[in-house]
Structure formats: structure tokens, C-alpha cells
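Reader: I have a structure open and a few things to ask about it. Can we go through them one at a time?
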Amino acid sequence: MNKTYDFAVVGAGSFGAWTAYFLRRAGASVVLLDAYGPANSRASSGGETRIIRMGYGPDELYTRWAMRSLPHWRALGERTGREFFHQTGMLWLSNDADAYLKSLYEVLGRAGVRQERLTSAELQWRWPQLQLPDVTWGVFEPESGLLMARSSVQALVAELAREGVECRTAAALPPNTHGKLAQINLSTGDSITAGTFIFACGPWLPKVFPQLLRDRIFPTRQEVFFLGPPAGSDAFQPPRMPAWLHRTHPDIPYSLPDVEGRGFKIAFDLHGPEFDPDTGSRVMDPGSLHRLRAYLERHVPSLAEAPVIETRVCQYENTWNGDFLIDRHPERENVWIAGGGSGHGFKHGPALGEYLSARILRGAPAEPRFSLAGKQTEQQRSIY
Ligand SMILES: Cc1cc2nc3c(=O)[nH]c(=O)nc-3n(C[C@H](O)[C@H](O)[C@H](O)COP(=O)(O)OP(=O)(O)OC[C@H]3O[C@@H](n4cnc5c(N)ncnc54)[C@H](O)[C@@H]3O)c2cc1C
């Protein structure tokens with residue numbers, strides 16, 4: 001006879017793995033499934049690195065969540081004897097008309113986050129690698145940086161397995177009955193029985209719950225480049241190069257410094273076309289390289305001709321405005337959904353896991369911004 005778990009968590013990305021962590025820490029029995037394995041190369045959490053920054057413009061909620069999450073990422077590194085957080089700093093680049101950056105500066109001040117306000121002359125002096133004629137001021141968060149994405153989630157899942165969570169490579173079939181869910185069926189023909197089910201399936205959520213989420217989560221194709229800096233140069237490594245985001249440029253370029261020898265990572269934060277996370281092609285569109293070269297020539301000239309040493313195609317799983325979706329299924333009292341990371345979710349895995357486990361275990365108050373009911377079907381991104 002099948003064992004009955006307290007919780008079955010479907011999806012071992014940042015959201016599912018941290019949710020399993022907090023449930024297990026509360027003493028629950030947990031099974032954690034992933035169709036392709038934790039932080040696999042199709043998953044949104046499967047990239048090399050992700051920025052962890054505290055600045056969210058006026059959205060203090062996410063500033064607070066990032067502040068809550070960072071110590072958990074650090075502690076995971078300490079427990080596993082690895083460095084998953086690189087304190088590279090995070091640099092915001094913009095102009096005087098940018099209300100977002102003004103709000104960010106105020107919110108960080110209120111929240112007690114260390115920050116420096118920099119003029120264009122100071123920016124040019126500190127980071128001569130960047131040419132920013134359109135930037136009039138910036139905000140630097142010296143205590144932010146980047147997370148090693150895939151390796152940290154995989155280490156977390158390995159730790160969960162040691163702590164008694166059953167971690168399995170298995171694909172859950174979309175639940176097709178109504179009312180309380182007793183079990184989920186797997187593609188192998190097996191099933192898993194649990195008291196409560198949590199679907200943290202990232203960009204796959206519209207496939208798992210097509211009727212509910214087809215029009216509420218929009219996976220988009222996102223391309224990432226890693227460039228090879230010149231031999232013998234540390235100009236694009238920390239501490240000389242932070243993570244940065246160039247807000248005044250229409251393509252919203254952002255970059256992460258060269259850590260662990262992978263190269264200087266650069267991408268555009270604009271939403272790409274619709275994307276299928278199972279079958280979508282992960283080969284770079286040749287036109288994208290031209291766009292990147294044009295950007296580099298103007299703004300990072302010493303890398304204008306730098307070789308591309310790696311490319312990645314990933315996907316965002318966007319909600320209409322970028323707010324996460326963390327809610328109970330409207331027709332199934334023992335089914336929860338956690339997703340809609342919308343291109344900024346990775347860092348928040350710990351805060352999300354803490355929030356969701358408290359909602360489920362203790363009936364903690366719900367944040368209206370995460371509700372399913374508030375999710376509209378037109379894309380109008382406002383959270384960055
Ligand atoms: C290019 C790019 C850059 C980004 N940059 C940042 C950044 O700098 N900072 C930041 O914080 N965030 C960033 N993000 C966003 C962040 O990576 C995502 O929001 C986050 O990783 C989402 O995690 P998740 O656990 O919800 O989804 P995922 O990591 O996709 O995990 C979902 C998992 O569910 C599994 N699954 C799906 N269906 C099933 C099923 N039926 N049965 C079993 N398993 C299933 C999948 O295999 C997958 O592993 C970026 C994303 C991209 C693509």
C-alpha cells in the first residue's frame with residue numbers, strides 16, 4: 001500500500017524546494033517530485049546565476065522578502081560548506097525622470113538597506129568599463145549580489161533528502177478529478193498519496209492547470225549571453241564589476257559579473273515570445289547577437305568584440321503584472337499553487353517557502369497581491 005505523506009510538493013525549483021524545506025522543518029513528512037530533476041536545464045531555476053537585490057522601486061513587499069531570503073541562502077551555503085552567494089553589489093543606472101529609482105532609494109532607506117547614491121561622474125570614475133551617456137545617477141547596493149542558482153537548489157534538495165524528504169524524479173499528471181485531491185498519478189503509472197499537494201511547477205503551471213492558468217501565466221522565451229573577457233583581465237569580475245541594470249535603455253539590459261570563470265553574463269529583460277518549457281528550442285536567435293553587439297559597442301566597448309562563450313535560453317513565467325501567484329486552488333481545498341516568478345522570483349524562494357508553509361500549517365494571513373483572484377489575463381508588467 002502507498003505511504004500517505006503529509007505533503008507532496010510537485011516541482012523542485014527555488015519555490016518548491018524552499019517550500020519543502022520549511023514544511024520538513026516543521027516536522028511534516030514530505031515527498032518532493034520533479035519531472036526532470038531539481039533545477040534542471042529546462043527549469044527557470046536551472047540557470048547558472050541569479051541576481052539577489054533588495055531594490056524593487058516602490059514595491060517594498062519584495063524588498064522585505066529579498067531581505068528575509070538572503071540570510072537563508074547564506075545559511076544554506078554555511079551548512080553545505082559551499083558559497084552560493086557572491087556579494088558583488090548591485091548597481092542601478094538611470095536618469096532623473098525615473099520615479100522607480102527615486103522610490104527604490106526611499107524604500108531602501110526606510111528598510112535600512114545599505115546603499116550609495118552616485119552621480120554620473122562618480123559612476124564613470126568607479127566603473128570606467130561602462131559608458132553611460134544617458135545615465136544621470138545611480139544607486140549602488142553594496143551588500144547585494146548574485147546567487148549560484150542551479151547548484152544552490154540542487155544542494156538544498158540533497159540536504160532535504162538527507163533530512164528525510166523523499167526526493168524523486170517523476171512527472172505528475174495533471175489532476176483531473178474535482179473536489180479534494182487524494183492522490184496524484186505519475187507518468188510511470190504509479191501514484192502518490194498525500195494530505196496536501198503543492199504545485200510549484202514554474203512555467204509548467206499552465207499545462208498542469210490549463211483551464212485555470214492558461215490565461216494567467218505567460219511563459220516567455222529569454223536569452224542570456226556569457227562573454228569571454230580579455231585574457232588576464234579582472235575588469236569584469238567582482239570586486240571590480242557588480243551586477244547592474246541599465247534602466248534608461250529601452251531593452252532593459254542587465255548584467256552579472258564573471259564569477260567562477262563562466263564569463264560576463266548579459267541579457268535583456270524585455271519579455272520574449274511565448275515559449276514551451278518542454279519542447280521550445282534553446283538555440284539562440286542569430287538576430288539577438290547583433291542587438292547585443294550594438295549595445296556593447298556603445299555601452300561596454302571593451303567587450304564589443306568579446307567571444308560568446310556560452311548562451312542560454314530560459315523562460316520567464318509571467319503573471320499579468322509580475323506579482324507572484326501563491327494561493328489555494330479555488331476548487332480543491334487541499335491543493336496549493338506557487339509560481340509566477342515573472343523573471344524575478346529566484347531570490348525569493350526562502351521567503352516564499354516560509355510564507356506558504358505558514359499559510360498552510362498555521363493559517364497565517366494571506367497577502368492579497370499573491371491571490372489567484374487578483375490575476376488578470378492581459379499582460380501589463382509593473383513589477384521589476
Ligand atoms: C533568464 C532568466 C533570468 C532571471 N534572472 C533572475 C534574477 O536575476 N533574480 C531572480 O531572483 N530571478 C530571476 N529569474 C526568475 C527566476 O529564475 C524564476 O522566477 C524562478 O527560478 C522560478 O522558480 P520556480 O521554482 O517557480 O520554477 P522552476 O525553477 O521552473 O521549477 C519548476 C519545476 O517544476 C517541475 N515540473 C513541472 N511540471 C511538473 C510535473 N508535472 N511533475 C513534476 N515536476 C514538474 C519542472 O521540471 C521544474 O524543475 C530569471 C529567470 C530567467 C529565465
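Author: A definition to start with: a polar contact is a pair of N or O atoms within 3.5 Å, and within protein one must be able to donate a hydrogen and the other to accept it. Also, this is a predicted model.

Reader: Fine. Which side chain is joined to that of D59 by a polar contact of 2.7 Å?

Author: That of R369.

Reader: And where is D59 in the fold?

Author: In the loop between strand 3 (49-52) and helix 2 (60-80).

Reader: Is D59 buried or exposed?

Author: Buried, because its relative accessible area is 9% and the cut-off for buried is under 20%.

Reader: What else is D59 in contact with, leaving aside neighbours within four places in sequence?

Author: Besides R369, the contacts of D59 are S382 and I383.

Reader: Changing topic to cysteines. How many disulfides?

Author: The count is 0. For C167, the nearest cysteine sulfur belongs to C201 and is 15 Å away. A disulfide would need the two sulfur atoms within 2.5 Å, so C167 is in none.

Reader: Now strand 1. How many of its residues are buried?

Author: 5 of its 7 residues, so strand 1 (residues 4-10) is mostly covered.

Reader: Which strand pairs with strand 1 over 6 bridges?

Author: Strand 11 (residues 191-199), in the parallel sense. Y5 stands opposite A194 there. Strand 1 is also joined by 4 bridges to strand 2 (residues 30-34), again running parallel, and A8 stands opposite V31 in strand 2.

Reader: What do strand 1, helix 1 and strand 2 make?

Author: A right-handed β-α-β unit, with helix 1 covering residues 14-25.

Reader: Back to strand 11. What does T196 touch, not counting residues up to four places away in sequence?

Author: T196 is in strand 11, and it touches D6, F7, A8, N334, W336 and I360. Of these, A8 is the residue that stands opposite V31 in strand 2.

Reader: Is T196 buried or exposed?

Author: Buried, because its relative accessible area is 15%.

Key
Residues numbered from 1 in each chain as written. Predicted model: local features only at pLDDT ≥ 70, side-chain atom pairs only at ≥ 80, totals over all residues. Heavy atoms only, no water. Helix = DSSP H or I, 4+ residues; strand = E, 2+ residues; numbered from the N terminus. Buried < 20%, exposed > 50% of the residue type's maximum accessible area, 1.4 Å probe, protein only. Contact = heavy atoms within 4.5 Å. Pairing = 2+ DSSP bridges. Right-handed = clockwise from strand over helix to strand, strands pointing away.
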